[in-house]
Amino acid sequence: MQNAYRPPSSFGLFPPVVKNLLIINGLVFLAQMILEARSAVPYDALERLFMLWPIGGPEAIRFADGTVEFGTFYPWQIVTSAFMHGGIGHIFFNLFGLWMFGGTVERELGSKRFLIFYFACVLGASALQLGVQSWPFLMGADGIPVPTLGASGGVLGVLAAFGLLHPNSPIFLLFLPVPIPAKYFVLGYAAFSLFAGFSGVQAGVAHFAHLGGMVMGAVMILYWLGRLPIQPRTRIA
């Protein structure tokens, strides 16, 4: 059996794109915490401008205890929402996943290609989530708009890439006594996200963003591996 995959233990060993993504996400989260501590409203200006808000939702709703202002969709939110997080646990697990798998994928793709890859996964995640969330409002439904935020779309695209590049590498999970080959872990995660997205069993999680990031990541890696009808100019090994 192969040795279980372990990421580098020293921050200085990380390739540049992953390292800077970790730093930027951390700095944005710190700015969020500072502004939220100073804000007296549910959504401050940073959240209304840079989270991913559905198209067609109400800009404000008057509740019994006061009026709540919501954000409106702007194109840049497709990217900026991927650098915002909803709490310590949220950012920890996203950056933990990036830390676990991002360095290996970046080294194999090269930093320039990995940067393109990561943001393509973010775009795929945001596009699918935006469509799913906006559809009811565009069809005339009423409701409270819920913003999407987090790096999980990009991170799960990286996970999909790792599963395709190292399908048999064992991954250890805290709640399972045996390792899981990366390919089965990725397929299982995708299947759960699809089930949860349609069933609503895990409310408050952007499952369609997860799926969008994973699908985009898988398609790009398969393309660069030369496994799609359209062939790339240069393949990855």
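The largest nonpolar core of this predicted model has 42 residues, a nonpolar core being a set of buried Ala, Val, Leu, Ile, Met, Phe, Trp, Tyr and Cys residues joined through side-chain atoms within 4.5 Å. Buried here means under 20% relative accessible area, exposed means over 50%, and partly exposed lies in between (1.4 Å probe, protein chains only). Those with the most contacts inside the core are Leu98, Leu109, Phe114, Phe117, Tyr118, Val158 and Ile221. Two or more residues each are given to this core by helices H1 (16-38), H4 (88-109), H5 (111-138), H6 (152-165), H7 (182-199) and H8 (207-224). Helices (H or I, at least four residues) and strands (E, at least two) are DSSP runs, numbered from the N terminus. H6 provides the largest share of the core, eight residues.

Residues are numbered from 1 along each chain as its sequence is written. As this is a predicted model, local features need pLDDT of at least 70 and side-chain atom pairs count only at pLDDT 80 or more, while totals for chains, interfaces and linings use all residues; side-chain values use heavy atoms, with hydrogens and water left out.

Leaving aside residues up to four places away in sequence, Leu109 touches Phe114, Phe117, Ile221, Trp224 and Ile236, where contact means heavy atoms within 4.5 Å. A second, separate core of seven residues includes Tyr43, Met51, Trp53 and Val68.

The packing of two helices may be considered next. Two packed helices are described by the angle between their axes and the distance between the axes. The axes of H7 and H8 come within 8 Å and cross at roughly 140 degrees; axes are lines fitted to C-alpha atoms, for helices over the stretch in contact, and angles run from 0 to 180 degrees between N-to-C directions. H7 contributes Val186, Tyr189, Ala190, Phe192, Ser193, Leu194, Ala196, Gly197 and Phe198 to the contact, and H8 contributes His207, Phe208, His210, Leu211 and Met214. By class, this contact has ten nonpolar, four polar and no charged residues. Ala, Val, Leu, Ile, Met, Phe, Trp, Tyr, Cys and Pro count as nonpolar, Asp, Glu, Lys and Arg as charged, and the others, Gly among them, as polar.

Ile24, found in H1, counts as partly exposed because its relative accessibility is 39%. Phe93 belongs to H4 and counts as exposed because its relative accessibility is 59%. The C-alpha atoms of Phe93 and Val155 are separated by 9.8 Å, although these residues are 62 apart along the chain.

Strands E1 (residues 60-63) and E2 (residues 66-69) run antiparallel and are joined by four bridges; two strands pair if DSSP finds at least two bridges between them. A hairpin of two residues joins E1 to E2. Arg62 stands opposite Thr67 in E2, and Ile61 has Val68 as its bridge partner in that strand.

Finally, Ser81 lies in the loop between helix H3 (77-80) and H4. Ser81 is buried because its relative accessible area is 3%. Not counting residues up to four places away in sequence, Ser81 touches Phe50, Met51, Leu52, Ser126, Thr148, Leu149 and Gly150.
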